[in-house]
Amino acid sequence: MTGKLLYPKIFLLSYRPKSGCKYFEVRESEGMYYAYCKVLERPLQRSVVEKCERFWETCPFRKMAARMEEGEL
Ligand code: SF4
């Protein structure tokens with residue numbers, strides 16, 4: 001075991017993605033980037049990353065996590 005995680009191409013991006021969502025995390029693998037959602041606790045597919053970048057404010061997962069943090073749920 002090398003301890004290195006290899007991700008399929010559906011997750012890998014050639015650019016560093018950005019999102020205003022505080023649960024959006026950028027990680028690196030093999031000289032590429034991938035996004036990780038701390039709410040869903042999993043890497044995000046490229047098609048989802050675009051939504052996190054552009055429409056993060058309306059993401060239901062983000063809203064739910066924020067409400068849980070505030071003790072509403
Ligand atoms: S899926 Fe939602 S909660 Fe997760 S990183 Fe994207 S915008 Fe944030």
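Okay, one definition before I start: a helix here is a DSSP run of H or I with at least four residues, a strand is a run of E with at least two, and both are numbered from the N terminus. And please keep in mind that this is a predicted model.

With that numbering, what does the chain contain? There are two helices and three strands, and starting at the N terminus they come as β-β-β-α-α. The C-alpha trace spans about 40 × 30 × 15 Å along its principal axes. Of the 73 residues in the chain, 18% are buried. As for contacts between residues at least 6 apart in sequence, 39% of those join residues at least 24 apart.

Let's go to the sheet. The three strands make an open sheet, ordered β1-β2-β3, with antiparallel pairing. At the edges sit β1, residues 24–29, and β3, residues 42–44, each of them pairing on one side only. On average, neighbouring strands here are turned by 45 degrees against each other, if you ignore direction.

Now zoom in on β1 and β2. Strand β2 covers residues 32–37, and six bridges join it to β1, running antiparallel. Phenylalanine 24 stands opposite cysteine 37 of β2. Helix α1, residues 46–54, then packs on the sheet and touches β1, β2 and β3; against β3, the direction of α1 makes about 85 degrees. Back at the β1–β2 hairpin, there are two residues between the strands, and glutamate 30 has a positive phi near 55 degrees.

What is in the largest nonpolar core? Ten residues: Phe11, Cys21, Phe24, Tyr34, Ala35, Cys37, Leu44, Val49, Cys52 and Cys59. Both β2 and α1 supply at least two residues each, and the largest share, three residues, comes from β2.

Next, proline 43, which lies in strand β3. Is proline 43 buried or exposed? Buried, because 20 other C-beta atoms lie within 10 Å, and the cut-off is 20 or more. Again skipping residues up to four places away in sequence, proline 43 touches Tyr7, Phe11, Tyr34, Ala35 and Tyr36. From proline 43 to arginine 27 is 16 residues in sequence, and 9.2 Å in space, C-alpha to C-alpha.

On to the ligand. Which residues surround the ligand? Cys21, Tyr23, Phe24, Cys37, Val39, Leu40, Cys52, Trp56, Cys59, Phe61 and Arg62. Sorted by class, that shell comes to ten nonpolar residues, no polar ones and one charged. Phe24 and Cys37, the pair standing opposite each other, are both in this shell.

Last stop, helix α2, residues 60–69. Why call α2 largely open? Of its ten residues, the number buried is one, so the helix lies largely in the open. After α2 comes glycine 71, with a positive phi near 80 degrees.

Note on methods. Residues numbered from 1 in each chain as written. Predicted model: local features only at pLDDT ≥ 70, side-chain atom pairs only at ≥ 80, totals over all residues. Near = placed C-beta within 6 Å. Nonpolar A, V, L, I, M, F, W, Y, C, P; charged D, E, K, R; others polar. Buried ≥ 20, exposed ≤ 12 C-beta atoms within 10 Å, placed from the backbone. Contact = placed C-beta atoms within 7 Å. Pairing = 2+ DSSP bridges. Axes fitted to C-alpha atoms, helices over the stretch in contact; angles between N-to-C directions. Core = buried A, V, L, I, M, F, W, Y, C linked by C-beta atoms within 7 Å.
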